[in-house]
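Hi,

Here is the structure I promised to pass on.

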Amino acid sequence: MRKGCRGWRIGFLLAGLGLVLGVVIGCGGKPKGPAVRARGRILMNGKPLVVSPQHREVGIGYVRVEFYRLGPDGKPQDPPEGMVVDEEGYFELMDRIPPGKYRIAVYHYDPDDKLGGRFDKDHSPIVREVTGKEDLVIDLANP
């Protein structure tokens with residue numbers, strides 16, 4: 001009888017482990033459904049944000065853009081999608097994202113955030129509908 005109990009426990013343990021792995025693997029990754037490319041340009045008064053060459057070369061100077069998908073309550077839902085902006089201000093997210101409304105955060109590290117947190121994830125006034133049909137042009141002087 002002890003062998004039967006041990007077999008039952010092992011079977012129960014394996015079934016539980018399979019369930020946990022299924023949930024973890026099945027719930028990860030991008031949401032199912034339509035997805036679009038988010039790309040565009042970040043400017044200040046019509047010009048790209050400038051980063052000191054010495055800071056850019058060592059990786060402590062860069063401009064970063066992050067997209068936070070907004071839920072019906074206006075609060076961010078998903079982890080952000082983001083990337084470093086090139087020297088001309090252009091960006092294109094590596095992964096496609098679901099179409100919808102996003103808060104867009106912008107950071108200008110040279111090496112500290114030269115924007116003073118005005119456009120970080122909690123304070124950014126930039127909210128755009130992302131459809132993937134057109135490039136986003138965001139001028140921080142008139143967000």
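How many helices and strands does the chain have? There are 2 helices and 7 strands, where helices (H or I, at least four residues) and strands (E, at least two) are DSSP runs, numbered from the N terminus. Starting at the N terminus, the order of elements is α-β-α-β-β-β-β-β-β.

Before you read on, two caveats. This is a predicted model, with local features needing pLDDT of at least 70 and side-chain atom pairs counting only at pLDDT 80 or more, while totals for chains, interfaces and linings use all residues. Residues are numbered from 1 along each chain as its sequence is written, and side-chain values use heavy atoms, leaving out hydrogens and water.

Now the sheet. It is an open one, built from 4 strands in the order S3-S2-S5-S6 with antiparallel pairing; two strands count as paired if DSSP finds at least two bridges between them. At the edges sit strand S3 (81–85) and strand S6 (127–130), each of which pairs on one side only. On average, neighbouring strands here are turned by 30° against each other, direction ignored; the axes are lines fitted to C-alpha atoms (for helices over the stretch in contact), with angles running from 0 to 180 degrees between N-to-C directions.

Strand S2 (residues 62–69) is joined to strand S5 (residues 100–109) by 8 bridges, and the two run antiparallel.

Then the end of the chain. Ala-141 lies in the segment after strand S7 (136–139). Leaving aside residues up to four places away in sequence, Ala-141 touches Met-44 and Asn-45, a contact being heavy atoms within 4.5 Å. The C-alpha atoms of Ala-141 and Asn-45 are 5.5 Å apart, although 96 residues separate the two along the chain. Ala-141 is partly exposed, at 43% relative accessible area (buried is under 20%, exposed over 50%, partly exposed in between; 1.4 Å probe, protein chains only).

Finally, some totals. Of the 143 residues in the chain, 31% are buried. Among contacts between residues at least 6 apart in sequence, 65% join residues at least 24 apart. The accessible surface of the chain is about 9,600 Å², and carbon and sulfur atoms account for 56% of that.

Cheers

Terms used: Accessible areas come from the Shrake-Rupley method with a 1.4 Å probe; for residues, only the protein chains shown count as cover.
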